[in-house]
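Hi,

Here is the structure I promised to pass on. Have a look at it first, and then read my notes below.

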Amino acid sequence: MARYGMALNYNNCINCKACESACKEENGVLLLPDHYRIWVGIKEAEGQFPNISIASQTYQPSQCQQCDNAPCQQVCPTNATYYSKEGVVMVDPTKCILCTYCINACPYDARYVDNRTNTVDKCTFCSDSRLANGETTTACQATCPTKVRVFGDLDDPNSEISQLLVNKEYRQVKSHLGTKPKLFYIL
Amino acid sequence: MKVEISRRRFLQGSVAMSIAGGVSLGSSSMMASAASPAKKVGNEDKKIATLCEMCVNKCAAIAHVRNGVISKLDPNPLFPKSRNMLCPRGNSGIQAVYDPDRLKYPLIRDGEKGSGKFRRVSWDEAYAYINEKLTKILDEEKDNRSTVAFCAGEGMAEHTFHSFFTMFGSAHFLNHASLCLATTVSGYSLTIGGYGQADLDNAKYVIMAGANRAEAIVTPDTMDFFKRTKGRGAKLITVDPRFTNTAAKSDKWLAVNVGTDLAFVLALTYVAIKEEIYNKAFVENYFNGFDEYKNHILSNNYTPEWAEKITGIKAKDMYEVAREFMANAPQAIYYQGRRTTWSKNDFQLRRAQAIFSALGGGVDVKGGICFGKSLPLVEHEIPSPMYAQAKPRIEKDEAAVVGGTGSWVAFRNMVLEKRSPYPIRALFNYKHNPMQNMPNNAKTAEFLKNLDLVVTIDTMPSDTVMLSDVILPECTYLERTDPVVSFGGIEPSIAQRNKVIDPMFESKPVMEIMRGLSAKLSKPLFEITKKYDEDVQSAIEDDSEEKVYADFDMTKPFEFDQEELNVHAVEKYEGAAEMLKEKGVFYPHINEYFKKTGVNDYEYYPEAQRAYSVRNTKFATPSGKIECAVPALAKKGIDAMPEWKKEYEMAVPAGKFRFVTGRHAQFTQSGTSNNRMLLNLVPENFAWINKRTAEKMGIKFGDTIEVASKVGKTTIKAYPTEKIGPDTLFFIHGFGNYSEALTLAHQNGGNDAAIIEDSIEPMHGASCLHDTIVEIRKV
C-alpha cells in the first residue's frame, strides 16, 4: 500500500493561483469567500522603496499537511476525520456534525466549512476525484506552470518524491508540534 | 473605345485558406466520422483535446465532458509550447462557457445608443438588418468600401473574420497591435531580423525590463524560466518601476523612472563599447554599421553617470549589469517584452535593446534569442476582389509606418476630429473591446455612437457590445473547432482547437456567422459595385455578369467545414490530421521524440533536433546583418539610430503621479473580467500607491480614491505599498467595466481606459500607455 506525500519546490512558485483554481474545479469547491482547500501564503516584501529586500518576498504554496499524527483527527468526536489506507487524512461527510473542533485543532489552518457538502472539508490529495479515476497526479500538481509539486509514494524508495527527499534539503512546517506532516518544502 | 480586360484585373490580393480549392471530402475524414461511435445516453464521459483561449498563449488542454457538461480542464502534456500546464485563467475556461451573462441570441438595438436596450431577433433578421444598413451606406458612399471599418481581437478565429474583411474590400482593418506590441515586434525585426523566441530554458543572464513574466504569463517563457532563477542556473535582472512578482524572483531589481528605459539601455551599450567587452568576433562578422553606432554612443556620452540622473538607477548598477551581461554572453538576453508601447521612444528603445543583446552575440544561438523553425501548413489562397471606389486608409500618414493593422488611436481620433478625407460610417467588430482596450474611452464612446452601424461579434456583453447596433453571439472557444495553427519555435509543433461541446443557446462559431452574413450581403453589395464601378460595368459588357460576380462572391472563403479545412491543411504530414483530432498536437516524429522524463516533466525534442540556430549566419534584415542604423526610416522622421532626447524626460509635478498599467496572472485584460472563478481568486483591482505618500495623504488600505487625468477619472480602492515609488501610481488593466449586463464586472474596480491619455508614438502610431499624469483624492 502506498503512503502518499508531497514535495514542494516552492522556490518555483510565482503566486499565479493556478493550483487554487484547478483544485476548485476538480473538487467542486464552491466559489465563495473562505472556501479553499489550498492557497499560496505570501510574505510581503520588506524595506522602503527603492531599497526592497528581494529575498523578503516569498510565496509558500500550502494546503493540508497530511499529518501522520493529525490533531484534527484526534479531536474529531464522531470519527468523521480518518486516515485512508494511503495515509491521507479524509473526511466522511455522513459523520461530520460541523462542530469545527478540527478547525481549532489544526495548526495549519487547513480546514474550512464547506457549504456544499456541509462538512469541515480539506485537501484530500484529490483522493475522491483524480486518484479515484486512476490519475497519478493531484490537480494542483498537474496544472502548475512552474511545477512546484511532486506528489507520490513515500514508501517506494524509487519514487520521484522519495529520491527528492534523499537528495535535497527540505523543511517541514511546525514539525516540532509532533504532527509528522507529509508535505516537504524543498530548500 | 473599349479595352479588352481580363476578369483577373479585379483581383487585388488573396484570402489564405487552409484547403485545396474544390477538394471534396477526404477519405480520412469520412473514415473518422464513420468510426465515431453513436452518442450514448446517460453516463457519457469523454476527453477532448483542445486549446485554451483565455489569453493569447493558446495552451493545450484536455477537456473532460460528463453528460454533455464540461467538468474539468486539464493540461495536455503533448504541446511543447505550453509545457504541460494550465494557468488560473486556463482552469477558469469552464466559467467562461457557463457564464450566465453570456450573449445568447442575436440582438438589435432597441433604444438610444448606450441605453443597453436590445431586442432579440433571429439570425436572419440580424443579417437582413445589417444588409439594409450596409447597402444604404455603400450606395450613399458610392461603393467606397473603406467607409466601413473592421476590427478584431487576437484569436485563432481572427483569420476567418479577416477573410470576410478582405472580401468586403475595405482599407481599414484594426487590431490590438497598435495598442500592444507593434513597436517591439518591428524594433527587433528591423534590427536582428525577427522578434524571435528568448531561450529562457538555457539563458544564463536575462534582463527583464517592464516585462513581468511571473505575472503576465507567456508560454513557454514563464514555465522554463522560474525553475531556473534564484541561484539555479539563470541570473535575472528586473527593471521595473514596481516591485513585481518577477522582481521577487530576481537577483537584482532596478527601480527605473517610468519611460526612461532607453537611457538605461544606451548606458549599458556605452559600457560594453567603451570597455570593449562586447563579442568582437560576432560584431565583426554580423554587424552592419557598428562603427557608426559606436561613434554615436561614445560621442553622445551615454555614460551610466549621465543615465543615473534620468533613470534613477545607480551608475554602479549599470556598470555591473553591462559587465555581467557580456561576461555571460552569448547566453545573455535583453528580453524583448510584449505589451510594450509605453512612451514615444518605444520603437527606439526596442531597437537599442536588440542591438545591445546582439553585442553579446546572443542571437540565433542556444541561450540567446532564437528564431526557431516552423512547420508549414498547406495554404491555399482564393483571390480577393478589387473595388475601384475603395479609398486608401485614412490614417496612413499619421505615423511613419502604418501597417495592415492600422493605428487604432489615430484612426479613431481622425474620425472624431472630422479630419478624415471621407466619412467612416460603420464598424464590424470581432471579439474586440475598444471601449476598454484603447486609451481615453470617452472618445471611443463618442466614436462608436457617431457611427451609423456597429456590428459586434462576441461572447460577452462588453462595454463595446453595449454601444453596438447589432450583436451577433459567438460561441466560446470550447464550443468550436478553429483553424489549425502551426507554432514555430525552438521546438515547433502544430496544434488544433477541437470542439468540446456544441454551441449553447443560439451562439455560433465565426465561420458560420461569416457564412450566413456573406450569403446575405454578397449579391446586394455587388449591385452597388455594379452601379458605381466603371471597370466592373465594362467587364460585364465584355463578359457575363455571372463571371464577373464570381470574383466578388463574398461567400467563397466560408464554403467549407472547418474540420475538413483542417484535415487538408496538414495533409502533407502523415497521420497529423488524426492525431490533431485525437490528441490536439502533432509534430514530425512526435511518437519517437516525445518522452515522459518525470512525474511532471516531458521532453519534446532531443537536444540535437531543437532549432536553436537556423539563420546560417545570415539574418533576415536588409543587409543580412544586425542593423545598427536604419537610414530608410530617417526620411520618415524616425531616427536612424536610437538616441535620447530631452523631450523624453517627463517631470511629474509635485503631488501628482505618473500612471502605469499592467497585467497579472489571474486576468486577461477585460475579456475575463466577469469570470466567477477569477473573481473568486482576485475580487477587484487596487491602486498601488507608495505607503509613505499615502500616509501623508491620509489614505489607508481599502480607502476609495478617485484617480483623475486630463481626459477622465475613475474610482478604485487604494493599496499603499513600498513596492512602488512616490511619484508613480499603478493598477491592473481590464476592470471597472461600465456594462450593466456584466453582473459581476459592472463597476468593479478602476478603469484605466478612462484615464490614460491618447497620445501615439511616431513609428507605428501605437498608443503610449505610460505617458499620463494623474492626481488622486480620497472619496
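In chain A, what share of the contacts with a separation of 6 or more comes from residues 24 or more positions apart? The figure is 57%. Do keep in mind that this is a predicted model.

A bit more on chain A, then. It has 5 helices and 12 strands. Its radius of gyration is 17 Å, close to the 16 Å that the globule rule gives for 187 residues, so chain A is as compact as a globular protein of that length. Along the principal axes, its C-alpha atoms fill a box of roughly 55 × 40 × 35 Å. As for burial, 47% of the 187 residues of chain A count as buried.

Now for chain B, which is divided into three parts: domain 1 (107-179 + 389-493 + 502-564), domain 2 (197-370 + 616-634) and domain 3 (646-778). I looked at how domains 1 and 3 of chain B meet. Their C-alpha centres lie 31 Å apart, and 30 residues of domain 1 are in contact with 25 residues of domain 3. On the domain 1 side that touches domain 3, the helices α15 (408-416), α16 (434-437) and α17 (441-450) of chain B each supply at least two residues.

The helix I'd click on is α4 of chain B (residues 123-140). Its 18 residues reach 26 Å from the first C-alpha to the last, close to the 26 Å expected at 1.5 Å a residue. Ala126(B), Tyr127(B), Ile130(B), Leu134(B) and Leu138(B) are buried in α4(B). These residues cover an arc of only 90° around the axis, which puts them on the same side of α4(B). What do the buried residues of α4(B) pack against? Their partners in chain B include the strands β5 (107-109), β7 (148-152) and β17 (426-430), as well as the helix α18 (510-532). Just after α4(B), Lys142(B) takes a positive phi of about 55°.

Last, some strand pairing in chain B. Strand β31(B) (residues 772-778) pairs with β26(B) (residues 657-662) in the antiparallel sense over 3 bridges, and Phe659(B) has Thr772(B) as its bridge partner there. β31(B) also pairs with β28(B) (residues 704-708), again antiparallel, over 4 bridges. In that pairing, Ile705(B) stands opposite Lys778(B).

Cheers

Note on methods
Residues are numbered from 1 along each chain as its sequence is written. Chains are lettered from A and ligands numbered from 1 in the order in which they are written. This is a predicted model: local features need pLDDT of at least 70, side-chain atom pairs count only at pLDDT 80 or more; totals for chains, interfaces and linings use all residues. The radius of gyration is taken over C-alpha atoms; the globule rule is 2.2 Å times the number of residues to the power 0.38. A residue is buried if 20 or more other C-beta atoms lie within 10 Å of its own, exposed if 12 or fewer, and partly exposed in between; C-beta atoms are placed from the backbone. Two residues are in contact if their C-beta atoms, placed from the backbone, lie within 7 Å. Two strands pair if DSSP finds at least two bridges between them. The expected span of a helix is 1.5 Å times one less than its number of residues. The arc is that of the directions from the helix axis to the C-beta atoms. Domain bounds come from an automatic or database domain assignment.
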